[in-house]
Amino acid sequence: MPDPAEALADTQFEFITFSAGGQSYCLEITQIREIRRWTPVTALPHTPADVLGVMNLRGAVIPIFDLSARFGLGATPGNERNVVIVAAVNGTTIGLLVESVSEILSVEKSAIQETPDIKSEATKHSIRGMISVDDTMVRVVNLDAVLENSTGAAQ
Amino acid sequence: MSMNSIRDTFFEECEELLEALVEGLSHMEEASDDMEVINAVFRSVHSIKGGAGAFALDRLVNFAHAFETVMDKVRDRELAVDEKLMALFHRSGDQLSDLVASARDGTDLDPTAEDSIVKELESYLGPEAKAEEFSFSAVTLDFDGGAPIDLPDLDLADEASDDQQPKENLFEVHFRPERALYENGHEPLLLFDALAELGPLTVEADLARLPDFDSFDPNDAVISWNMSLVTPESETTLHEIFEFVEGLCELNISLSSQAPCSPKPEALPVETASEPEPIAEVASVAEQQPEPKEPAEISIAAPDIVLEKQPEAQPSALPTAAAPKETRGPKPTLRVDLDRVDRLINTVGELIINQAMISQRIEELDLPTVAHLTNELEAYKLLARDIQEGVMAIRAQPVKPLFQRMSRIVREASDATHKKAKLVTVGDSTEVDKTVIERLADPLTHMIRNAVDHGLETSAIRQSAGKEPVGTIRLSAAHRSGSVFIEISDDGAGLDRERILAKAIEKNLIAPDVELSEPEIDNLLFLPGFSTAGQVSNLSGRGVGMDVVKNAVQALGGRVSIASTQGKGTTFTIVLPLTLAVMDGFVISVGNQTMVIPISSILETIRPNSKDIHVIGTDSQLVNVRGAYVPIVDVAHSLGLEDAKARETNGILLLVSTEAQDLTALRVSAIHDQRQVVIKSLESNYTAIPGVSAATILGDGKIALILDPEELIKLAHYNPLDPFAQNTKMELRHA
């Protein structure tokens with residue numbers, strides 16, 4: 001995915017960190033449209049388990065994905081702190097159900113490490129990089145990957 | 001106003017003129033001697049020529065001119081319209097529209113067709129035709145002074161041969177342009193030049209309205225002119241010169257019997273150039289022009305006039321010329337950017353949703369006495385609906401232009417296949433959403449071509465079958481129960497089912513031993529990769545089959561079906577929703593979900609008695625509806641929401657009729673409400689889901705899926721072991 005910020009070399013990047021499936025993830029703030037409290041969605045027939053359904057976002061119908069299930073970490077358990085992160089990728093708007101949102105992270109470009117070669121090609125594809133924060137590792141989500149194997153991009 | 005936007009306006013007008021032209025031509029076919037119609041056709045061509053001249057679109061001008069000249073002969077009753085000439089006119093009309101399109105898009109057009117048509121047109125004219133063609137450019141913007149009239153002797157010959165009475169008339173012309181005249185790119189000097197070609201002209205500028213320098217607005221039109229002209233021409237001819245500025249100026253043409261008065265010394269034509277001119281380009285052209293008097297002296301009667309001249313007795317020309325100009329002017333229509341209309345439609349959609357939400361919230365409040373509130377709410381609902389219908393009507397357009405385009409397709413297709421065919425259209429004025437019309441053009445073209453190519457027989461075969469030698473393609477549109485029905489039918493031989501079946505087996509589309517009913521065989525045509533043409537004709541066998549048509553129609557939320565009678569012909573029926581934005585639906589429960597099903601598809605709702613429900617085979621159920629056994633499809637099961645074991649005998653059955661199956665009963669848990677819902681696309685942010693056509697937002701802000709009964713039934717019938725069904729399934733995914 002072309003990262004608009006990548007062109008501006010040593011600028012600060014801002015990420016929003018959240019947890020999904022017990023792991024720590026983050027998304028660049030420019031990709032996020034809004035964060036909403038979880039409300040029940042309308043389920044869709046003939047869809048995989050990680051597609052929760054569709055939600056009304058001020059008149060637009062947007063699909064909601066369970067990010068944890070999408071990454072193979074099991075369905076997100078129901079919790080009051082669950083939120084939906086509304087993000088925009090390539091002109092489409094989607095919602096990601098996550099366990100909770102933590103903080104805004106401001107890092108230098110150099111602080112983002114490349115994803116090392118790991119066994120799962122799918123995992124490597126869906127993680128753009130990693131940021132180390134106080135001994136914990138925050139994974140940068142590749143939204144394209146989330147979208148790709150979801151909306152039948154093969155069509 | 002920039003030159004470009006004037007150009008755009010011209011091409012927009014061209015579209016309308018071409019439509020009028022096609023319409024006129026088809027009327028001419030019915031009543032070839034109706035002067036009104038012939039005049040209308042002439043006017044369309046003439047207006048295109050005039051506009052094109054202003055933009056120096058020479059090819060267009062020359063072609064329109066040749067067309068118009070022959071048309072004029074018809075108008076003067078010098079030429080009788082026979083079948084051959086009519087066909088030529090049709091082809092000329094097509095060519096003209098191609099030329100307009102190529103001029104608009106700046107594309108190159110192969111001149112061979114054009115040349116041959118021009119030659120044919122010219123063959124209808126006398127020897128003077130060539131000279132006329134030359135002279136026309138006299139009224140173009142890039143006209144340069146003396147050039148156009150280089151054949152003065154021919155002009156004279158024209159005049160003589162026209163048996164003109166030498167009687168000279170003196171006309172007094174008062175001409176006061178309005179600001180809009182300049183804004184539309186007109187140039188008075190060119191009008192004067194045109195007048196001067198009719199005879200000696202005296203022009204006097206009236207500077208009385210010229211303001212002080214300080215309050216001078218260069219865009220304002222302040223100068224008016226008084227002219228006197230001595231000419232043998234009629235008043236009608238003078239009016240024709242001002243035809244393009246009608247409504248943009250104050251114009252008085254009066255016939256005065258006085259002797260010609262001498263020009264006043266201060267009446268300097270050069271002053272026209274000093275007139276404030278909003279368009280710099282035009283002004284500079286004007287300045288290069290010689291004084292208008294000069295051409296007037298060179299050409300006493302420019303050949304152009306031969307074209308424009310109308311016999312005084314003509315019924316339609318005279319009233320228009322004499323009619324007060326207030327009654328003329330363009331139709332009171334408004335050109336609005338489509339984006340603005342769409343934004344409005346979206347907002348109104350939100351209004352409808354909002355209205356539903358408010359109603360629902362108030363209901364939830366459970367107020368003790370809400371009678372008056374309910375009334376107000378009902379009024380609000382009606383108002384919102386009125387607004388919505390009004391807004392949708394803006395987008396609705398008659399299918400006429402679309403149908404008219406098809407007459408060309410029929411002509412071209414019948415030429416290419418050497419078959420004789422005519423197009424009959426019914427219900428031209430049926431209004432359909434603009435998007436639907438646009439997206440219907442390709443499928444219709446394809447189906448019309450098919451109808452001519454595969455549907456109709458050759459004249460010889462037709463005659464031996466006791467039919468008219470000319471085949472008829474009938475294209476009709478009508479509104480019926482909230483849908484638009486478009487039918488394309490031919491009176492050809494009907495579908496050759498044996499060949500279709502053989503073909504489908506040969507192409508491995510179906511298993512060789514499958515027993516298919518007649519409608520099922522017909523529907524094989526819609527399978528991807530099916531084409532009946534024995535050989536690939538350059539017309540319809542381009543590898544795209546009826547499946548493309550079907551997909552296009554389904555993408556519009558419509559369906560296409562087929563009916564054929566051996567020896568009598570084939571009819572394709574396209575059923576489309578009236579609008580793409582709103583529909584009436586039943587709010588239903590399926591399992592524990594709320595969904596919407598379009599009312600238009602439901603014939604009847606049934607609450608069955610358990611004794612009416614019968615099991616057939618292992619798990620199929622039938623319901624007895626007044627003696628007929630109708631298969632039941634469980635919606636929840638079909639959508640994969642529940643296990644088959646969860647099926648029960650209660651619930652409500654919705655009786656629907658689809659193209660594939662005569663009658664099917666859809667089982668749902670309950671019906672809650674009937675309401676208008678705003679259609680929201682699922683595909684814009686997600687992907688198409690089988691059995692679901694779209695989504696909508698209910699009063700509580702929740703999303704409800706809108707079901708597609710046809711697809712639901714197909715899903716329910718999906719059986720991986722049945723090759724026919726497998727194809728249907730494949731189709732689903734592509735749709």
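Start by selecting Asp135 of chain A, which lies in the loop between β10 and β11 of chain A. Strands here, like helices, are DSSP runs numbered from the N terminus, with at least two residues (E) for a strand and at least four (H or I) for a helix. Before going on, note that this is a predicted model: local features need pLDDT of at least 70, side-chain atom pairs count only at pLDDT 80 or more, and totals for chains, interfaces and linings use all residues. Residues are numbered from 1 along each chain as its sequence is written, while chains are lettered from A and ligands numbered from 1 in the order in which they are written.

**Stop 1: a loop in chain A**

Keep Asp135(A) selected and look at its backbone: phi is near 75°, a positive value in a residue other than glycine. Most residues other than glycine have a negative phi. Asp134(A) is not a glycine either, and has a positive phi of about 40°. Are these residues buried or exposed? Asp134(A) counts as exposed because it has 5 C-beta neighbours inside 10 Å, and Asp135(A) is exposed with 5 other C-beta atoms within 10 Å. The cut-offs use C-beta atoms placed from the backbone: a residue is buried if 20 or more others lie within 10 Å of its own, exposed if 12 or fewer, and partly exposed in between.

**Stop 2: where chain A meets chain B**

Next, show both chains. The contact takes 19 residues from chain A and 21 residues from chain B; two residues are in contact if their C-beta atoms, placed from the backbone, lie within 7 Å. Select β21 (692-697) and β22 (703-707) of chain B, each of which supplies at least two residues of the side that touches chain A. That side of chain B has twelve nonpolar, six polar and three charged residues. In this grouping Ala, Val, Leu, Ile, Met, Phe, Trp, Tyr, Cys and Pro are nonpolar, Asp, Glu, Lys and Arg are charged, and the others, Gly among them, are polar.

**Stop 3: chain B as a whole**

Chain B contains 26 helices and 22 strands, and 37% of its 735 residues count as buried. For a covered element, pick helix α9 (residues 188-196) of chain B, where nine of nine residues are buried. Among them are Phe192(B) and Asp193(B).

**Stop 4: helices side by side**

Go to Ser44(B), in helix α2 (residues 35-54) of chain B. Ser44(B) counts as buried because it has 27 C-beta neighbours inside 10 Å. Leaving out residues up to four places away in sequence, Ser44(B) touches Leu17(B), Ala20(B), Leu21(B) and Gly24(B).

Now select helices α3 (residues 58-75) and α4 (residues 83-105) of chain B, whose axes come within 10 Å and cross at roughly 165°. Axes are lines fitted to C-alpha atoms, for helices over the stretch in contact, and angles run from 0 to 180 degrees between N-to-C directions. α3(B) and α4(B) are therefore roughly antiparallel to each other. Angles over 145 degrees count as roughly antiparallel, under 35 as roughly parallel, 65 to 115 as roughly perpendicular, and the rest as oblique. Residues of α3(B) in this contact include Phe63(B) and Phe67(B), and those of α4(B) include Leu96(B) and Leu99(B). By class, the contact has eight nonpolar, two polar and one charged residues.

**Stop 5: a five-strand sheet**

What is the order of the five strands in the open sheet of chain B? The order is β6-β8-β9-β11-β10, with mixed pairing; strands pair if DSSP finds at least two bridges between them. Colour β6 (421-426) and β10 (559-565) of chain B: these stand at the edges, each with a single partner strand, so one side of each is left without a neighbour in the sheet. From one strand to the next, the twist averages 15°.

Six bridges join β6(B) to β8 (residues 471-480) of chain B, and the two run parallel. To find one pairing, select Thr425(B) and its bridge partner in β8(B), Leu475(B). Helix α18 (residues 400-417) of chain B packs on the sheet, touching β6 and β8 of chain B, and its direction makes about 165° with that of β6(B). Finish at helix α23 (residues 546-555) of chain B, which lies across β10 and β11 (569-577) of chain B and runs at about 135° to β10(B).
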